[in-house]
Amino acid sequence: MKFSKFFMPTTKEAPKDATLPSHQYLIRGGFIAQTGAGIYDFMPLGKIVLEKIRAIVKEEMDNAGANEVQLGFVTPLSLWEESGRSNTMGAEMLRFKDRKNSDFVLSPTNEEAVVNMVKNRITSYKDLPVHLYQINTKFRDEARPRFGLMRGREFLMKDGYSFHSSEEDLIREFNLMEATYKKIYTRLGLEFRVVNADSGAIGGSGSKEFHVLANSGEDTIVVCDSCDYGANIEAAVRKPNKKEKLQTITLEKVETPNQKSIEEVNNFLGTDSYYSMKAVIKKAIYEDKTKIAVFFVRGCDELEETKAVNAVGAIDLEDASEDEIEKVGLVAGYCGILNITSNVLVVVDRELEGENNLVIGANEENCHYKGFDLTTLEDVTYKDLVAVQEGDICDCCGGKLSYTKGIEAGHIFQLGTKYSAAMNANFLDENGKAKPFVMGCYGIGVSRLVAAVIEQNHDEKGCIWTKETAPFMVDIIVSNSKKEEEAQIGEKIYKELKEAGIEAILDDRLNARFGFKMSDFELIGFPFAVVIGKKLEDGMVEIVNRKTLEKIEVEVENVTKKIIELL
Ligand code: ATP
Ligand code: MG
């Protein structure tokens with residue numbers, strides 16, 4: 001390819017809202033162009049990178065024995081009604097009507113469609129297992145599309161769905177997919193971590209996420225410093241934080257005027273926040289109603305919202321307004337579990353179970369209780385609610401837990417029979433008995449990976465593509481294309497590299513100055529440049545390594561050999 005024939009509109013300007021390097025550089029480098037909120041076109045450079053990633057994903061999925069299919073981007077709403085998800089998907093699923101007034105959606109994921117494909121076509125255990133995948137456009141009307149390709153509304157995903165006759169066979173495939181995903185991210189040249197995850201709206205039991213490590217990642221990952229435990233904060237567990245049990249004392253109501261926060265209360269009473277119950281009041285959102293929920297954790301702990309959502313089986317949690325809190329009879333700042341109004345949901349963190357001598361709110365203005373014994377209450381729901389903190393102890397090995405930031409680049413789930421049972425998709429087992437398919441599902445954010453590669457690999461000048469993702473390996477820069485000799489040598493090296501099977505692009509632009517060509521090289525981030533300039537008088541050219549910006553001089557005739565060595 002030659003620059004003179006290539007559409008590559010680089011610019012110095014980045015959009016105002018582009019805070020992440022990948023967002024800035026992909027726009028400035030002419031890889032992508034925004035057409036609407038969270039909607040991007042891929043220009044030639046971006047399309048090459050996207051296709052390279054797609055090809056690696058496809059190759060490894062095919063190697064693992066999965067079959068590529070293509071499901072419609074538009075699916076009838078009736079399929080979502082069959083599974084029951086038409087009510088639970090919320091506003092992320094974009095719905096619309098056709099001219100006949102029938103309802104459709106733009107696919108945000110495709111469990112329903114693939115179950116529909118297999119249903120009544122696979123009828124016997126003898127035809128299982130089967131794994132179908134596609135690499136196709138998804139649309140999610142994200143509340144806050146941002147960070148360019150990282151969180152778009154329209155994006156490219158690899159989504160695979162496997163069908164099995166037993167749980168054991170599903171687990172075999174789940175493990176195979178974990179191994180396959182590791183191969184994919186390794187080939188892409190990425191540093192990543194596999195972590196335990198929350199299953200979210202897609203549902204199911206076991207689930208793991210694959211995170212590309214990068215400071216800008218939106219997800220907080222909890223990792224252990226001495227074993228390979230890793231989990232998304234949403235699902236992370238710790239060794240219970242246990243201090244010695246205090247002596248039981250008599251329950252006593254104490255005045256705590258204007259002491260609302262748990263720190264204020266404990267400072268005022270001279271008590272340890274560990275031995276206190278903090279109330280977090282939220283509004284739980286369900287399909288058909290909302291309900292006020294109160295979550296109790298230790299004063300020294302923080303509530304993990306995803307755990308809280310799961311604990312009350314809600315679709316989401318929102319902050320409750322003062323009005324809503326008052327209406328159900330709660331007193332903000334003084335909310336406690338003893339004699340709490342019965343029209344709210346109450347969940348207590350499991351680490352508090354069996355605790356006594358606690359400070360709790362008294363459900364009346366300016367009052368708390370001291371010496372509360374939680375074991376005196378019956379029918380308390382205990383669930384894991386706490387957000388693991390840095391320095392907490394690993395439950396697997398006793399090591400220290402810490403945080404790191406990750407970009408979720410893949411997610412695999414053991415779905416079980418959630419969708420097959422709801423959609424009545426059955427097979428006949430060895431005994432001729434009808435059973436719902438046991439399913440797994442496996443996603444990779446293909447377009448998000450384009451951004452993730454750059455989040456992990458860039459400097460202040462621009463992108464630094466990894467070998468497997470680079471749009472071209474070598475940028476041949478002719479310093480002054482008006483000089484016949486330089487232009488000729490450029491063509492010669494270009495031909496040689498191409499013949500050696502190395503993807504090269506020739507910067508033959510007549511009217512671009514050397515400095516401009518060099519800054520395009522740095523911004524776009526090809527792994528190497530061959531610079532043809534003044535040294536040509538001595539038969540030499542320069543090879544520049546984009547990552548290190550190191551330069552070496554090489555004889556013109558040795559360029560291809562040297563590049564092969566460097567690769
Ligand atoms: P997130 O938590 O980041 O919103 P998710 O858990 O909703 O993602 P999945 O349903 O697991 O996403 O989708 C599979 C993969 O698709 C994700 O691991 C991610 O890499 C990618 N993905 C999800 N949402 C987006 C998006 N809005 N833009 C780009 N890629 C996305
Ligand atoms: Mg996910």
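Reader: Which conventions apply to the numbering and the values?

Author: Residues are numbered from 1 along each chain as its sequence is written, while chains are lettered from A and ligands numbered from 1 in the order in which they are written. Because the model is predicted, local features need pLDDT of at least 70 and side-chain atom pairs count only at pLDDT 80 or more, whereas totals for chains, interfaces and linings use all residues, and side-chain values use heavy atoms, with hydrogens and water left out.

Reader: How many residues surround ligand 1, and which are the closest?

Author: A residue counts as near a molecule if one of its heavy atoms lies within 4 Å of it. Here 15 residues surround ligand 1, the closest being Arg 140, Glu 142, Arg 151, Gly 152 and Glu 408. The shell divides into six nonpolar, four polar and five charged residues (Ala, Val, Leu, Ile, Met, Phe, Trp, Tyr, Cys and Pro count as nonpolar, Asp, Glu, Lys and Arg as charged, and the others, Gly among them, as polar). Strand S21 (401-416) and strand S8 (154-164) each supply at least two residues, and S21 gives the most, with four; strands are DSSP runs of E of at least two residues, and helices runs of H or I of at least four, numbered from the N terminus.

Reader: Which atoms of ligand 1 lie 2.9 Å from Arg 140 and 2.8 Å from Glu 142?

Author: An oxygen atom of ligand 1 lies 2.9 Å from a polar side-chain atom of Arg 140, and a nitrogen atom of ligand 1 lies 2.8 Å from a polar side-chain atom of Glu 142. An N or O atom in the side chain of Arg 448 is 3.0 Å from an oxygen atom of ligand 1. The protein buries 87% of the 580 Å² that ligand 1 exposes when taken alone, with accessible areas from the Shrake-Rupley method and a 1.4 Å probe.

Reader: What area is buried between domain 1 and domain 3?

Author: Buried area is the accessible area (1.4 Å probe) that two parts lose on being put together, summed over both. Between domain 1 and domain 3 this is about 950 Å², of which carbon and sulfur atoms give 68%. In domain 1, Phe 3, Ser 4 and Thr 10 lose the most area to domain 3, together 57% of what that side buries.

Reader: Where does the backbone have a cis peptide bond or a positive phi?

Author: Most residues other than glycine have a negative phi, and most peptide bonds are trans. A cis peptide bond, with omega about 0°, joins Leu 128 and Pro 129, and Pro 129 is in the loop between helix H4 (111-118) and strand S7 (130-139). Asn 258, although not a glycine, has a positive phi of about 60°.

Definitions and conventions: Polar contact = N/O pair within 3.5 Å; in protein donor to acceptor, adjacent residues only side chain to side chain.
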